[in-house]
Amino acid sequence: MMTRQILKLTHIVSTVWFMACIGFILVLALHQAGFRWWFIFSLSGHSVLVLFLLISLYLFALFRGIGESQQIEVEHPLTTTSYYMGLYVAAPLLGGLAGTLAMIGVSHPIRFLLGVAMGTLGTTFIVWVVVDPVAGLVEMLLPTSRKHRLERLAQVEAERRARQEKREQLLAEAFAREEQERQRWQQHLRPHAEKLAALLASDAKDISLAEREAVHLGANAWRVGGLSCMRQLRDMTVALRKETGDESTASDHIAEWWDGIGNWRRPSLQ
């Protein structure tokens with residue numbers, strides 16, 4: 001835990017130092033190119049917020065990498081060590097130290113600071129852009145790393161297939177339970193469907209009584225199995241009406257009679 005905190009703190013200081021050196025080199029280059037100081041500072045002032053956001057995002061990404069590294073030590077025996085991570089995050093500071101040692105004896109302050117900044121930039125570039133990718137590539141080519149990576153990928157694939165099979169099994173079980181429920185409802189709803197079909201054939205003078213009976217049948221189906229049971233009863237009733245050759249408005253009347261029972265709603269376009 002202490003090592004991780006030291007790495008995070010070191011990286012904060014290194015990043016601030018690295019950005020400061022980049023800013024110094026940029027300002028000096030603009031000044032040497034003939035730009036006046038007021039233009040340089042106004043330009044950098046507008047860029048401060050963007051630079052701050054970029055640094056914050058970069059620090060967040062690296063903190064997650066240090067705090068919760070996804071690298072596996074067996075596959076990355078070098079880059080996961082605390083010594084290598086220390087070298088990686090402290091590269092700007094080491095570069096600044098190297099630049100300082102190289103500029104000993106230089107009396108001109110601008111040249112001295114430029115040498116320190118260039119040492120920081122050069123060392124950071126070498127470590128972050130050259131050394132780190134090469135180290136990662138070498139680790140990937142090691143026989144132990146390759147073997148472990150293949151085994152890990154195979155295990156991940158096996159776990160993925162197991163989860164997929166489990167989901168398919170659960171889905172099949174759900175369908176089977178639903179089908180069993182439908183079969184049970186089929187036997188229970190058969191007399192209700194016959195009665196409802198008879199109500200649909202009632203005369204106009206008995207329509208109020210037929211509607212009350214139909215509402216009672218719909219409410220009973222809702223209590224038995226909810227909206228699915230009501231739909232099955234409706235479908236069975238329509239099928240019975242088809243057998244008698246009268247299917248013109250059976251579905252419409254049922255939809256109107258049952259409107260408001262549970263989740264049943266009459267279709268808006270009928």
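**Entry 1: ground rules**

I am working from a predicted model, where local features need pLDDT of at least 70, side-chain atom pairs count only at pLDDT 80 or more, and totals for chains, interfaces and linings use all residues. Residues are numbered from 1 along each chain as its sequence is written, and side-chain values use heavy atoms, with hydrogens and water left out.

**Entry 2: the whole chain**

I looked up the secondary structure first. The chain has 8 helices and 0 strands. Helices here are DSSP runs of H or I with at least four residues, strands are runs of E with at least two, and numbering starts at the N terminus. I read the order of elements from the N terminus as α-α-α-α-α-α-α-α.

Next I checked burial. Of the 270 residues in the chain, 27% are buried. Buried means under 20% relative accessible area, exposed means over 50%, and partly exposed lies in between (1.4 Å probe, protein chains only).

The accessible surface of the chain is about 18100 Å², and carbon and sulfur atoms hold 62% of that. Such areas come from the Shrake-Rupley method with a 1.4 Å probe; for residues, only the protein chains shown count as cover.

I then looked at contacts (heavy atoms within 4.5 Å). Among those in the chain with a separation of 6 or more, 72% join residues 24 or more positions apart.

**Entry 3: α3 against α5**

I took helix α3 (residues 82-89) and helix α5 (residues 109-141). Their axes come within 10 Å and cross at roughly 155°. Axes are lines fitted to C-alpha atoms, for helices over the stretch in contact, and angles run from 0 to 180 degrees between N-to-C directions.

The two helices, α3 and α5, are therefore roughly antiparallel. The angle classes are: under 35 degrees roughly parallel, over 145 roughly antiparallel, 65 to 115 roughly perpendicular, and the rest oblique.

I noted the crossing of α3 and α5 as left-handed. Left-handed means that the near helix is turned anticlockwise from the far one by less than a right angle; right-handed means clockwise.

From α3, Y84, L87 and Y88 meet V127, W128, V131, D132 and A135 of α5. I sorted the residues of this α3 and α5 contact into 7 nonpolar, no polar and 1 charged. In this scheme Ala, Val, Leu, Ile, Met, Phe, Trp, Tyr, Cys and Pro are nonpolar, Asp, Glu, Lys and Arg are charged, and the others, Gly among them, are polar.

**Entry 4: α4 against α5**

Helix α4 (residues 91-102) also packs on α5. I found an angle of about 140°, with the axes of α4 and α5 7 Å apart. That makes α4 oblique to α5. The crossing of α4 and α5 is right-handed.

On the α4 side I listed A91, P92, G95, G96, G99 and T100. On the α5 side I listed F112, G115, V116, G119, T120, T123, T124, V127 and W128. The α4 and α5 contact has 6 nonpolar, 9 polar and no charged residues.

**Entry 5: α3 against α4**

L87, Y88 and V89 of α3 meet A91, P92 and L94 of α4. The contact of α3 with α4 has 6 nonpolar, no polar and no charged residues.

I looked up T79 in the loop between α2 (37-67) and α3. T79 is buried, at 5% relative accessibility.

G122 sits in helix α5. I found G122 partly exposed, with a relative accessible area of 30%. The C-alpha atoms of G122 and A91, 31 residues apart along the chain, are separated by 9.6 Å.

R149 is in helix α6 (residues 143-200). R149 is partly exposed at 38% relative accessible area. I put its C-alpha atom 9.2 Å from that of I72, 77 residues away along the chain.
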